[in-house]
Amino acid sequence: MTTIALCQIPVSPDPSANLKRVSEALARAEGADLAIFPEATLTRYGRRVATLAEPLDGPFVSGLAEAAREHGLAVIAGVFEPGADRVHNTAVAIDDRGEVRAAYRKIHLFDSFGAKESDLVAPGAEPVVVELAGTRVGLITCYDVRFPELARALVDRGAELFAVIAAWGSGPLKEDHWVTLVRARALENTMWTAAVGQAPNPAESSDGFGVGRSMLVDPLGVIRSDLGTAPGVQVVRVDHEWTAAARATLPCLEHRVL
């Protein structure tokens with residue numbers, strides 16, 4: 001078993017306010033081995049990310065690490081790192097001792113639905129699987145979930161769980177897209193999938209980011225938990241024996257040809 005806290009928080013433009021929300025959420029995550037926070041937990045999207053981006057030894061990630069150590073659980077959260085000419089949209093993975101174990105730089109940038117993330121963000125190049133809380137976790141960030149080849153690459157690198165973090169944009173059918181894509185990545189790979197999005201933030205609603213709907217999906221695509229739209233923390237359990245049972249019933253990974 002791996003016990004996970006789905007931490008669906010609203011995100012402010014102010015990193016210090018967001019770090020406070022992280023600490024408050026971790027205090028509610030009692031019994032969890034791993035807490036997952038949304039994409040862009042550092043600050044909301046916008047031109048501000050160019051000036052608020054921090055290196056991984058900066059104050060925000062250091063604050064995440066201190067909180068992880070204090071509460072004795074691993075943490076995954078979205079930050080922005082400075083780059084050569086643009087920032088990186090990074091999922092940072094921190095263990096329960098407060099050590100940064102991995103950083104995944106988002107590969108697929110959201111140049112869709114009228115947005116152009118690539119104006120501000122430089123793409124990463126490498127899929128990342130990290131061991132946290134005794135589980136090999138494959139990292140997926142928001143728009144990445146539309147690309148099944150990334151999820152399959154994580155399977156090939158030994159992932160036992162997908163962690164999908166997002167600041168999903170609102171709009172017609174967008175929430176349906178989120179739910180469908182998260183379930184599809186779980187089902188086609190017979191993989192537990194923990195997907196965490198930003199809760200809507202009424203104070204910042206004009207940018208449209210954050211639909212909530214954080215969820216845990218089992219290896220047969222069944223939603224085991226769904227947080228809806230309100231801010232919240234929910235502790236859920238991943239049963240790795242169920243993965244083996246699902247794959248015995250549906251051995252699609254063994255049936256791959258390409």
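Below are notes on a helix, some ring pairs and a sheet.

This is a predicted model, where local features need pLDDT of at least 70, side-chain atom pairs count only at pLDDT 80 or more, and totals for chains, interfaces and linings use all residues. Residues are numbered from 1 along each chain as its sequence is written, and side-chain values use heavy atoms, with hydrogens and water left out. Helices (H or I, at least four residues) and strands (E, at least two) are DSSP runs, numbered from the N terminus.

**Helix H3**

- H3 covers residues 59–71, and its 13 residues should span 18 Å at 1.5 Å a residue (the expected span is 1.5 Å times one less than the number of residues).
- The end C-alpha atoms of H3 are 18 Å apart, which agrees.
- Phe60, Val61, Gly63, Leu64, Ala65, Ala67 and Ala68 are the buried residues of H3 (buried means under 20% relative accessible area, exposed over 50%, partly exposed in between, with a 1.4 Å probe and protein chains only).
- Their cover includes helix H1 (15–27) and strands E3 (74–81), E4 (88–94) and E5 (100–105).

**Aromatic rings**

- Rings of Phe, Tyr and Trp (its six-membered ring) pair if their centres lie within 6.5 Å; planes under 30 degrees apart count as stacked, over 60 as edge-to-face and the rest as tilted.
- By this rule there are six aromatic pairs.
- One of them is Tyr45 with Phe209: the centres are 5.2 Å apart and the planes at 40°, so this pair is tilted.
- Tyr45 sits in the loop between E2 and H2 and Phe209 in the loop between E9 and E10, so the pair ties together parts 164 residues apart in sequence.
- Tyr45 is buried at 13% relative accessible area, while Phe209 is partly exposed at 21%.
- Trp168 and Trp178 form a tilted pair too, 5.1 Å centre to centre with 50° between the planes.
- Trp168 is buried at 4%, and Trp178 is buried at 0%.
- Phe110, Phe113, Tyr143 and Phe147 make up one aromatic cluster.

**The sheet**

- Six strands form an open sheet with mixed pairing, in the order E6-E7-E8-E9-E10-E11 (two strands pair if DSSP finds at least two bridges between them).
- Strands E6 (129–132) and E11 (223–226) are the edges, each pairing on one side only.
- E8 and E9 pair in the parallel sense over five bridges, and Ile165 has Val196 in E9 as its bridge partner.

Technical notes:
Contact = heavy atoms within 4.5 Å.
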